[in-house]
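Please consult the sequence and the coordinates shown below while reading.

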Amino acid sequence: MDKKILKHSEEVISELMKKEGMSRRDALKLMGLGAGATMLGRAPAMAATDAQAAGSDKKAKIVIVGGGAGGIMAAARLRRAASNAEITVIAPNDIHLYQPGQVFMAAGLYTEEDIKKPNADLMPDGVKWVKDEVKAFDPDNNLVETAQNGKINYDFLVVGTGLQYDYERIEGMSADLVGQKGISSVYLNNPKAGTAKGGVATWEWFKQLRAAAEKASPDNPITAIYTQPDTPIKCGGAPQKILYLSDDFLRGNGPVGGADVHNNVKSYFCKKGTKLFGLPGYNKTLVEEVTPMYGNITDKWNHVLRKIDADKKVATFEHTYQIKGKWDPDLEEYEMTTKTEMVEMPYDFIHVVPPMKAVDAVANSPLGWQKGTAKGWLACDRYTLQHMKYKNVFGIGDILGIPKGKTGGSARHHGPILQDNLIAVMEGKEPTAKFDGYTVCPLKTQYGKIMLAEFNYDGPAPSFPLDPTVPRWIWWAFDLYMLKPMYWQLMMRGLM
């Protein structure tokens with residue numbers, strides 16, 4: 001076991017006994033691999049399936065595009081499962097980022113160096129690594145075209161490119177503004193360069209927000225705005241994590257401490273829709289317990305950021321709402337008309353979550369959905385992860401155009417499904433393994449508390465006999481102390 005896990009294990013056990021009222025025996029059970037692995041997307045019941053995963057000794061060329069969590073994990077799994085295959089990973093990044101750690105960076109608990117590792121340390125033995133980017137996909141001819149190494153052919157293709165941030169879709173916004181003029185964005189990173197500016201900038205933003213609050217008052221408060229776009233995003237809970245952690249930081253919690261000045265700030269959370277979470281139980285906790293606990297947060301429903309004036313510190317939102325019309329006697333209800341207005345909101349500080357989209361090479365190729373709400377994202381079957389048209393193509397991770405799954409935990413669940421189904425196709429069989437839509441969101445509601453939201457296509461999917469709608473210290477401890485070393489040592493090596 002990793003030294004960092006060992007270092008904190010007794011501390012975690014003691015705190016579980018004290019804070020969660022557990023016996024040492026029960027605490028030890030939860031300290032086992034299953035609990036920590038769950039937050040990376042592994043239900044304990046999957047262990048036997050993984051151990052019995054099929055293999056193939058067929059010769060084939062497998063090309064994996066992407067050097068993030070999905071790509072490296074797929075390479076590790078397929079290297080073991082396809083003993084005679086020639087496996088190539090095409091990825092430009094020398095540095096691998098543990099992207100979930102960027103929120104802990106924002107909270108002042110990790111540094112940028114804490115979330116970095118050389119990609120060479122993670123690349124499986126026996127896998128060829130082409131340090132390049134794929135600029136175009138030609139699935140009709142089983143080719144990818146790279147920026148510097150020309151065309152590379154394949155028998156089977158795994159697409160794990162991730163997604164890209166589209167800051168410029170917001171008028172007046174750009175990635176260069178992050179860290180300036182009261183603007184931050186925890187998401188901002190550059191996997192190719194191996195930098196995580198968003199985490200660094202947001203921790204500075206936390207401290208600047210607090211310094212400004214210390215000079216304000218409840219009668220003359222400052223304004224902080226937190227946004228969430230109307231596109232699919234990586235880790236859907238992250239916008240709220242920053243909202244709650246920064247407000248808790250203002251209460252004097254976190255690594256710096258200090259007086260409670262959070263009532264000197266008016267915070268606004270702006271998003272599409274009228275819920276904080278899509279599932280009722282989790283939403284109820286956030287609406288009835290977490291938000292009232294802070295007391296200074298106002299939810300601005302159906303407010304989507306469209307424009308920002310960084311110099312004047314004014315954000316413009318598209319506000320969609322309905323108005324009641326005349327009574328319809330046939331339907332026995334009022335006619336409802338949808339209206340849209342543009343609303344300007346001045347701010348002192350704003351945390352911007354950018355719109356997100358599929359990488360251009362996928363979106364502009366035959367591999368992307370050609371129409372509909374998922375247009376541009378990789379067109380794979382939501383269950384088998386096999387491409388809808390090109391049966392020798394599979395996807396993993398954020399690039400998938402499926403209803404759920406843009407989290408590291410989902411990518412972990414994609415791994416064994418992709419492995420089993422690609423091997424089946426290599427063997428001339430139909431893919432039968434099915435991804436159930438599993439997604440996990442460790443929603444940080446304050447320093448020291450996480451509500452572990454697990455769900456799939458059918459609804460809530462908790463892994464433990466603990467009420468999942470209750471924020472708990474146990475999940476915070478696992479997330480902060482255990483998951484990162486488990487990610488490096490187990491998940492990225494395809495061992496869980």
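Leaving aside neighbours within four places in sequence, which residues is Leu157 in contact with? In this predicted model, the contacts of Leu157 beyond those neighbours are Val63, Val65, Phe137, Val144, Leu367, Asn392, Val393 and Phe394.

Leu157 also belongs to the largest nonpolar core, a set of 149 residues. Ile62, Phe137 and Tyr187 are listed with Leu157 as the residues having the most contacts inside this core. The element that gives the most to the core is helix α13, spanning residues 473-489, with 12 residues.

For the chain as a whole, 13 helices and 23 strands are assigned. Of its 496 residues, 56% are buried. Among contacts between residues at least 6 apart in sequence, 66% join residues at least 24 apart.

Helix α8 (residues 197-215) packs against helix α9 (residues 238-250) at an angle of about 45°, and their axes are 10 Å apart. Because of this angle, α8 is oblique to α9. The crossing of the two helices is right-handed. The residues that meet in this contact are set out below.

| Helix | Residues in the contact |
|---|---|
| α8 | Thr202, Trp203, Trp205, Phe206, Lys207, Leu209, Arg210, Ala213 |
| α9 | Ile242, Leu245, Ser246, Phe249, Leu250 |

By residue class, the contact of α8 with α9 comprises 9 nonpolar, 2 polar and 2 charged residues.

Note on methods:
Residues are numbered from 1 along each chain as its sequence is written. This is a predicted model: local features need pLDDT of at least 70, side-chain atom pairs count only at pLDDT 80 or more; totals for chains, interfaces and linings use all residues. Side-chain values use heavy atoms; hydrogens and water are left out. A nonpolar core is a set of buried Ala, Val, Leu, Ile, Met, Phe, Trp, Tyr and Cys residues joined through side-chain atoms within 4.5 Å. Buried means under 20% relative accessible area, exposed over 50%, partly exposed in between (1.4 Å probe, protein chains only). Helices (H or I, at least four residues) and strands (E, at least two) are DSSP runs, numbered from the N terminus. Contact means heavy atoms within 4.5 Å. Axes are lines fitted to C-alpha atoms, for helices over the stretch in contact, and angles run from 0 to 180 degrees between N-to-C directions. Angles under 35 degrees count as roughly parallel, over 145 as roughly antiparallel, 65 to 115 as roughly perpendicular and the rest as oblique. A crossing is left-handed if the near helix is turned anticlockwise from the far one by less than a right angle, and right-handed if clockwise. Ala, Val, Leu, Ile, Met, Phe, Trp, Tyr, Cys and Pro count as nonpolar, Asp, Glu, Lys and Arg as charged, and the others, Gly among them, as polar.
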